[in-house]
Amino acid sequence: MIEEKDLRAALKLYFIMGSPNCQSRPQQVLEDAINGGVTLFQFREKGKGALKGDEKKALGEELQWICKNHGIPFIVNDDIDLALELDTDGVHIGQEDEPLESVREKIGNKIIGVSAHTVEEARQAVNGGADYLGVGPIFPTKSKEDAKAAQGTSVITDMRKNGIRLPIVGIGGIGRGNAKSVIEAGADGISVISAIAGAGDAAIAAAALKKELT
Ligand SMILES: Nc1nc(C(F)(F)F)ncc1COP(=O)(O)OP(=O)(O)O
Ligand SMILES: [Mg+2]
């Protein structure tokens with residue numbers, strides 16, 4: 001069971017990716033991103049060309065091993081069965097994924113992150129026992145085909161103004177130049193896909209983002 005303060009710290013620079021997001025080997029991209037200073041990783045094998053079944057599991061195992069070697073928590077997106085098979089540190093679920101209550105029953109006190117686009121969804125997730133909220137999309141994103149309209153950082157300030165105290169990570173189009181505004185709005189951290197996975201050098205990109213956050 002991760003302490004809330006450790007989870008807040010881990011949410012600082014939250015890297016999310018799967019093989020479709022990478023121009024080179026995902027294993028190398030992750031290694032570089034960790035060396036650049038990412039603090040948490042989510043394996044999100046989704047979208048055009050995403051691996052399935054045993055291939056997806058095999059890549060997941062390799063990326064989990066890299067995280068373990070660097071002491072970085074490893075989260076799996078959507079796929080609760082895979083999370084159980086790999087015994088991951090946690091899972092992330094959206095509003096259309098398996099309900100929070102049944103996920104909690106399956107994974108015990110592992111980390112459960114829930115996507116929230118409104119104060120109402122945030123409150124529901126808090127009451128349901130989520131450990132952190134993924135709030136966004138803050139800015140327009142190309143990394144998620146079915147993303148909702150960008151909401152700007154006010155969606156985070158509104159949640160804090162309405163008494164949502166749970167750890168929050170912003171998501172959606174976050175990168176150089178807008179990362180700090182997400183923290184100033186009240187998020188504990190930022191999550192990124194293309195800002196690191198799509199960069200020429202993932203280590204340099206991660207380090208630059210980390211610097212912008214301090
Ligand atoms: N994967 C995510 N991770 C986060 C995190 F908080 F971790 F940054 N926040 C939000 C999402 C989006 O989750 P969801 O709405 O189910 O869409 P998808 O499964 O396509 O990612
Ligand atoms: Mg999902």
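A polar contact is a pair of N or O atoms within 3.5 Å; within protein, one must be able to donate a hydrogen and the other to accept it, and residues adjacent in sequence count only if both atoms are side-chain atoms. The model is predicted: local features need pLDDT of at least 70, side-chain atom pairs count only at pLDDT 80 or more, and totals for chains, interfaces and linings use all residues. Residues are numbered from 1 along each chain as written, chains are lettered from A and ligands numbered from 1 in written order, and side-chain values use heavy atoms, without hydrogens and water.

**View 1. Polar contacts of ligand 1.** Asp97 places a polar side-chain atom 2.9 Å from an oxygen atom of ligand 1. For the side chain of Asp78, an N or O atom is 3.0 Å from a ligand oxygen. His92 has a side-chain N or O atom 3.3 Å from a nitrogen of the ligand. Alone, ligand 1 exposes 450 Å², and the protein buries 94% of that (Shrake-Rupley method, 1.4 Å probe).

**View 2. The shell around ligand 1.** The ligand is surrounded by 17 residues (a heavy atom within 4 Å). Gln42, Arg44, Lys46, Ser115 and Lys144 are the closest.

**View 3. An aromatic pair.** There are four aromatic pairs in the structure (Phe, Tyr or Trp rings, the six-membered one for Trp, with centres within 6.5 Å; planes under 30 degrees apart are stacked, over 60 edge-to-face, the rest tilted). Phe41 and Phe74 have ring centres 6.0 Å apart and planes at 35°, so this pair is tilted.
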